[in-house]
Every structure is written in structure tokens, then in C-alpha cells.
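Please look over the model below before reading on.

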Amino acid sequence: MVDLVITGDCVVTPHSIGPADVAIAGGRVVAVAERGAFPLSAGARLVDATGKIVMPGGIDPHTHCLWPVVVPSGEPTLTQGPSVVGKAALFGGTTTIIDFTRVMHGQTVQGAIEQRIAAWTGDGCPCDWALHTMVEGDLGPEIPGQLGEAIEAGHASVKIFTTDITPSRKGRMVDFGDIWEVFQVLAKKGGLGVIHAEDNDIVMHMYAKLFREGRAGFENMAEVHNTLSEDLSFRRVLKLAEHVPGTALYMLHVSAGNGVRAIREARSKNQAVYGESLHQYMLYTQEDYKRPNGQMYHTYPSLKSQADQEELWRGAMDGTIGCIATDELCCSLSVKTQGSRIDDTTGGNPGVEPRVALMYSEMVGKRGFTLRQFVNAVSTNAAQVMGLYPRKGAIAPGADADICILDPALKRTVRAEAMHEADYSPWEGRQVDAWPCMTILRGKVVVENDRWLGDAKGGAWLPRRIPAEIRAGAAL
């Protein structure tokens, strides 16, 4: 029996964009048909979305909840957890987030995953979620095999750093011999490499150089995490993957034109590599570091030049950049701006709530992207690459009924005080052309007209498998 019917004149399905009715029962889409096709049964609800955009719920494939940051006392503290971030996601039309299990030295992969899942279920997540497995430093000989077991258990992606990022984080980088071993596991078990790629020699050289020259202010960050670093590291990682047939890669937070070009060239050779950028990089440049509280706009790697930003937009238009994520890290303004040097500025931003509205406005409203391209960038592509499609990222029979209804009549100015994450927003004062008026998670209306109707612990962990076509380099 149908529980809910959404009728609209702009419904985005995998095969069409236009008038349709979406019938929902038992948390899933049971049918999509022409308008008026479903007579309402007793107790069923009809949602009239005429004049609005009915799209799959957003998917943010890059968040950091309950993440350690160091405060001025020197003590580590944790950022906001999934109870806060997941609720903000739903208010913003995002129904699934993918975070990270950090495998610390001395831990087994399975032990780290169990500990992370316990933390998430203890805090509670209102939206659906999954976890990348993140390894770092010198990998013991047992780790690749354990990663293979994790992939088989549904933790399908493995994050690797090619840099320590800052001098104080020494031990984060995985050397290329160990990366080679992990790539062989990914190829054999059908996993996905999720890569933070910067050239460590260049980055650390530039830290030392700027300190020596007395130019250690964070406004010089782009000189440290520079375009040469991205060029060298991307191409080295891609070449290594080329020598391990069957390795599929997802290049995180592409920030420079060099990274876009490296991915584009690899894809032209049918290499299985996919690009992600962040809305920070798409909308801010290194010049924004000079603004008051300029740390607000920073994440690692750094913001780059206007020319780099323009290449990111070209990459989004031609599909080289398939996903636009947040690198979500939800903390207070005082924590975000506590660092003032190139080596102590806090990365990440609270961005999961405004992401869908911002990118609709910037892509469709300002830059001529199609509605399909926008939906792909904020939802469908991430579902496909991360092994969630067609359960997620699609309005189609059998899919979870995760739906965002975006209302172009709700033109807003982004204000932190009106959102549900932190006491600041790097998007403060930006105008958006639409805002979600309803978010539906697995058939349940969880946000309606800015009212919270969801379950604080209603989210579910999602096991994932990377499809063979993605591992073969399929176009998105």
C-alpha cells in the first residue's frame, strides 16, 4: 500500500526530468509514473511539488564528524558529531554522508572500525551514513590483508595520504611502497582508493622556506600547499595505479588546475579515476585568506588562484570533477580561527547544510550547468562511485525514498544563526536561488518547511560495494 505520493512538474529521475508522480511505500520508491496515476489510499499523503524541483537526496562523500582538533590549551578536542552534522545535512537536503574510520598505529583495521561505529551509534546520526577506512604512516605487513577483509565487509574505500600535511602531523603520510601494496588489495578485492595527494617533499620544503623567511602567516598557505605539489603527487599516484591493473581511484578535494588536468588526461586513457572538489575551492581563492577571519575559508590543501578555480569549474562542466563535497568539520569560530600560521590553521568547514542550495545557485543559476549536471554533482555521481547506486542517488523503483524538494521560491541569504551546525558559516551573506522545503529519508518526511520531524538516531549504516563498471573507469 502506498504511503506517500509526490506529484511534481520537475522530477529528476535517471531517465528524465519533467512531470511525474513518485509513489513511496515501505521506505522505498515503488513507482514513477505520469501525474495522476496513483489514486490515494486511506491514510496516504499527497505532496504537491508543483513549481519545485524533486531530486534525489544529496550525498556528501567527504565529512569529518567527532574529529580531533587541538585547542589553545594543547588538549585535543572533538568536533561536532553525527548527531549535529547529520541533522544539518537533512535540513539542507542531504540524506547520506560518508565519513572516515581512522586506523591509528597499534590498532587493527577491524578494531578501529568497531570503535568508530560504536562512537557513531552512541552519538546518533539522523541521516544515513557510511565510512571510508583511513590508514596512515608506516603500515604493518598485516594491514593490507585486514583492509581486504574490511572491503569484503562493506567498507569499500580506503583513504591514503601522500603527505604529512603539516610538520606537526608527521606520521600521516603512507610511503609509496605501502601504497603499492594497498593498491594490489584494492584491485583484488574490488575496493576504491581515496587519495589525499600532495607532494610531501615540496610541502615540507615550503614550510621550512617560509618560516626561514619570516612569512609564516596563514595568508601564505597557497605557497606551501601549492599547485606544483598537486601536479607531482597526482601524476605519481596515477602512474602507480596504472601499474596495478584494476586499481580504481577517487582523488579527494582537487584544488588546483594541475589536478584537474592530471585526472582528465588519465581518464582519456581509460584509467579508472574520479575527481572530487569542494565548494570552498569552487567559490573562494587564496585572496580570501586576507579577509577578516580569513581562516574561515581554509581547508587542506589550500585555496588556490582564480585561474585554478576556473579550471575546477571547467572540470565540473566536462565531468572530470564528478563530485562536489564539503570536507565537513564542524567546530566553533573560536576554534576555527585560533591558528594564525601556515602550520596551525584548522582545516575543514561547516558546509553540509548549505551545500545543495549553494551549488544549485552557482551551477544552474550562474554558470549554465544543466539540472542533471547539478544533481549528478551533489548526489548521483557520489552514489555511483562509492557503491551506493541505485539504492541511493536515484528516484527510481526499488531505490530508497531519499528525496530533496528544492523550492526556487525560497531565495535566501545564508546566515549561520538560521542553520543548525556552528556559530559561523564561511558562506555568511551569500544569496541562494533556492532552498529545500522538504527532505525525505527512506520514505519519512524528516524536515518540512524548516521544521524538524526526524529521528535523532534514525540514520542507518550503509554497506558498500564498488561496481565493476566504476572499477573499469566508466563515465559518470
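Helix H12 (residues 355–367) has as its buried residues Arg355, Val356, Ala357, Leu358, Met359, Tyr360, Ser361, Glu362 and Met363, where buried means under 20% relative accessible area, exposed over 50% and partly exposed in between, with a 1.4 Å probe and protein chains only. Just after H12, glycine 368 takes a positive phi of about 80 degrees. Helices (H or I, at least four residues) and strands (E, at least two) are DSSP runs numbered from the N terminus.

This is a predicted model, in which local features need pLDDT of at least 70 and side-chain atom pairs count only at pLDDT 80 or more, while totals for chains, interfaces and linings use all residues. Residues are numbered from 1 along each chain as its sequence is written, and side-chain values use heavy atoms, with hydrogens and water left out.

**The sheet**

- An open sheet is formed by 8 strands in the order E6-E10-E11-E12-E13-E14-E15-E16, with parallel pairing; two strands pair if DSSP finds at least two bridges between them.
- Strand E6 (58–60) and strand E16 (321–325) are at the edges with a single partner strand each, so one side of each has no neighbour in the sheet.
- From one strand to the next the twist averages 30 degrees, with axes taken as lines fitted to C-alpha atoms, for helices over the stretch in contact, and angles running from 0 to 180 degrees between N-to-C directions.
- Strands E13 (residues 192–196) and E14 (residues 249–251) pair in the parallel sense over 3 bridges, and isoleucine 195 stands opposite methionine 251 in E14.
- E14 and E15 run parallel and are joined by 3 bridges, with glycine 275 in E15 as the bridge partner of methionine 251.
- The chain passes from E14 through H8 to E15 in a right-handed β-α-β crossover, meaning that, with the strands pointing away from the viewer, the path from the first strand over the helix to the second runs clockwise.
- In E15, 6 of its 6 residues are buried; Val273, Gly275 and Ser277 point one way, and Tyr274, Glu276 and Leu278 the other way.

**Helix packing and cores**

- Helix H4 (residues 176–189) lies across strand E12 (157–161), E13 and E14, and runs at about 165 degrees to E12.
- Among the 113 residues of the largest nonpolar core, Ile97, Phe183, Met251 and Phe374 touch the most other members; such a core is a set of buried Ala, Val, Leu, Ile, Met, Phe, Trp, Tyr and Cys residues joined through side-chain atoms within 4.5 Å.
- Phenylalanine 183 is in contact (heavy atoms within 4.5 Å) with Ile160, Ile195, Val237, Leu240, Ala241, Val244, Thr247 and Leu249, not counting residues up to four places away in sequence.

**Two buried polar residues**

- Aspartate 400, in the loop between helix H13 (371–385) and strand E18 (403–407), counts as buried at 3% relative accessibility.
- The aspartate 400 side chain makes polar contacts with the side chains of arginine 28 (3.4 Å) and lysine 392 (2.8 Å); a polar contact is a pair of N or O atoms within 3.5 Å, of which, within protein, one must be able to donate a hydrogen and the other to accept it, and residues adjacent in sequence count only if both atoms are side-chain atoms.
- Asparagine 226, in the loop between helix H6 (221–224) and helix H7 (227–242), counts as buried at 14% relative accessibility.
- A polar atom of the asparagine 226 side chain lies 3.0 Å from the backbone oxygen of glutamate 223, and a polar atom of that side chain lies 2.8 Å from the backbone nitrogen of serine 229.
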